[in-house]
Amino acid sequence: MAEKSYRDAVRDAIFEEMERDDSVVIMGEDIGVYEGTFRITAGMLDKFGENRVIDTPIAEAGIVGTAIGMAMTGMRPIVEMMTFNFALVAADQILNHAAKIRYFSGGQLDIPMVIRGPHGAGVGLSAQHSQSFEAFFGHFPGLVVVAPSTPADAKGLLKSAIRGKDPVIFLENAALYAIKGEVPDDSDFTVPIGTSTIARKGADVTIVASGKMVHLSLAAAKTLEEEDGIDCEVVDIRAIRPLDVAPVIESVRKTHRAVVVQEQWKPFGFAAEIASSIMDEAFDELDAPVIRVTGADVPMPYARNLELLAVPHEPDVIQAVRDVAYANGV
């Protein structure tokens, strides 16, 4: 097992699946000669050629529509969004076609395609390039939505997504590309989609998060243990749809307190869905109301100091845990 960056783990998953299966192709803007804005596709054009590493015009609706057609005829296209914010240009193709063709066809047509790329805030790209999309895409039946937090999960989940038969939205938080972790070398290493995991065991408070927020939660849990003696359990929701809440409910039945952390705006978000699930399945277990830690309800500022104020930080999670544990006499 080697230590690799999140970026290299994503690249390895694509490389290995393209070597394994000739029907896998990748397409997008500047992914060939330029090797991608975040260098995910470095070396792929030389290895697989321009028929399988396809540079496209700046036309997201056309890219996704073409990929849907390819998927319907037996190919396994991977679409790279330069930033997932540009997927909004292709929203009709993604939400009204890729997500629904199985239903429209009475189950006769699979759409084995992956739409992947960076999303999220924290890298100074302003309002139109810094949005988090877990809740947006997670709202639509017919889509699979994945948001890995670690390099190993990024590789294993992406390989599962490429091998699957449904359209997958694969969200890579841009701030995670440089983080490192151990990644299995096995070319058949996969992680099943739709399984949450316990990132840190604990007994006092359950913290639920996905993607970049998992790392924020783990840092807060470490500080809380050192400063307050509060032992937090952190649940990593690796897939938004299908959503595996069983580990969350099991954890809440043990800790009786929960904090949910999301980078997105508070209204109608991922945290609201998790909090509602806890209310549905474990209301009688709660010793305190579920608290949500979220981003500010504003378009993301470009100014670095204002951007920092608009996203959750470790002290926000620490305060929420202290509140839900009544550690501040609240």
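Q: How many residues does helix H10 have, and what distance does it reach from its first C-alpha to its last?
A: In this predicted model, helix H10 covers residues 270-282, which gives 13 residues. At 1.5 Å a residue the expected reach is 18 Å, and the helix comes close to that value. From first C-alpha to last, H10 with its 13 residues reaches 18 Å.

Q: Within what arc do the buried residues of H10 fall, seen down the helix axis?
A: The buried residues of H10 are Phe270, Ala271, Ile274, Ala275, Ser277, Ile278 and Ala282. Seen down the axis, these residues line one face of the helix, because they fall within an arc of 155 degrees.

Q: Which helices and strands do the buried residues of H10 pack against?
A: The partners of these buried residues include both helices and strands. The helices are H6 (134-138) and H9 (246-255). The strands are E10 (205-209), E12 (239-241), E13 (258-265) and E14 (291-295).

Q: Which element gives the largest share of the lining of the largest cavity?
A: The structure holds 4 cavities of 30 Å³ or more, and the largest has a volume of about 100 Å³. Its lining includes Ser130, Gln131, Glu263, Gln264, Trp265 and Met300. By class, this lining has 5 nonpolar, 5 polar and 1 charged residues. The largest share, 3 residues, comes from E13.

Q: Which element gives the most to the lining of the second largest cavity?
A: The second largest cavity has a volume of about 40 Å³. Glu134, Ser210, Met213, Val261, Gln262, Glu263, Gln264 and Phe270 line this cavity, and they divide into 3 nonpolar, 3 polar and 2 charged. With 4 residues, the element that gives the most is E13.

Q: Which element supplies the largest share of the lining of the largest pocket?
A: About 250 Å³ of space lies in the largest pocket. Of its 13 lining residues, Ala135, Gly138, His139, Gly269 and Glu273 are the closest to its centre. Two or more lining residues come from each of H6, E12 and H10. The largest share, 4 residues, comes from H6.

Q: How many nonpolar, polar and charged residues are in the lining of the largest pocket?
A: The lining of the largest pocket consists of 13 residues, with Glu273 among those closest to the centre. Divided by class, the lining has 7 nonpolar, 3 polar and 3 charged residues.

Q: How many charged residues does the lining of the second largest pocket have?
A: The second largest pocket has a volume of about 190 Å³. Among the residues that line this pocket are Gln131, Phe133, Phe136, Trp265 and Phe268, and H6 and E13 each supply at least two. By class, the lining has 6 nonpolar and 4 polar residues, and the number of charged residues is none.

Q: Is Phe189 buried or exposed?
A: Phe189 is found in the loop between strand E8 (180-183) and strand E9 (197-200). Its relative accessibility is 18%, and the cut-off for burial is under 20%. Phe189 therefore counts as buried.

Q: Which residues is Phe189 in contact with, leaving aside its neighbours within four places in sequence?
A: Phe189 and Gly156 are 33 residues apart along the chain, yet their C-alpha atoms are separated by 5.9 Å. Gly156 is one of the contacts of Phe189. The contacts of Phe189 are Ala152, Lys155, Gly156, Lys159 and Pro184.

Notes: Residues are numbered from 1 along each chain as its sequence is written. This is a predicted model: local features need pLDDT of at least 70, side-chain atom pairs count only at pLDDT 80 or more; totals for chains, interfaces and linings use all residues. Side-chain values use heavy atoms; hydrogens and water are left out. The expected span of a helix is 1.5 Å times one less than its number of residues. Buried means under 20% relative accessible area, exposed over 50%, partly exposed in between (1.4 Å probe, protein chains only). The arc is that of the directions from the helix axis to the C-beta atoms. Contact means heavy atoms within 4.5 Å. On a 1 Å grid over the protein atoms alone, a cavity is a set of points where a 1.4 Å probe fits but cannot get out, and a pocket is an open set with protein on both sides within 12 Å along at least five of seven lines; lining residues have an atom within 4 Å of a point. Grid points are joined across faces, edges and corners, and a volume is the space filled by probe spheres set on the points. Ala, Val, Leu, Ile, Met, Phe, Trp, Tyr, Cys and Pro count as nonpolar, Asp, Glu, Lys and Arg as charged, and the others, Gly among them, as polar.
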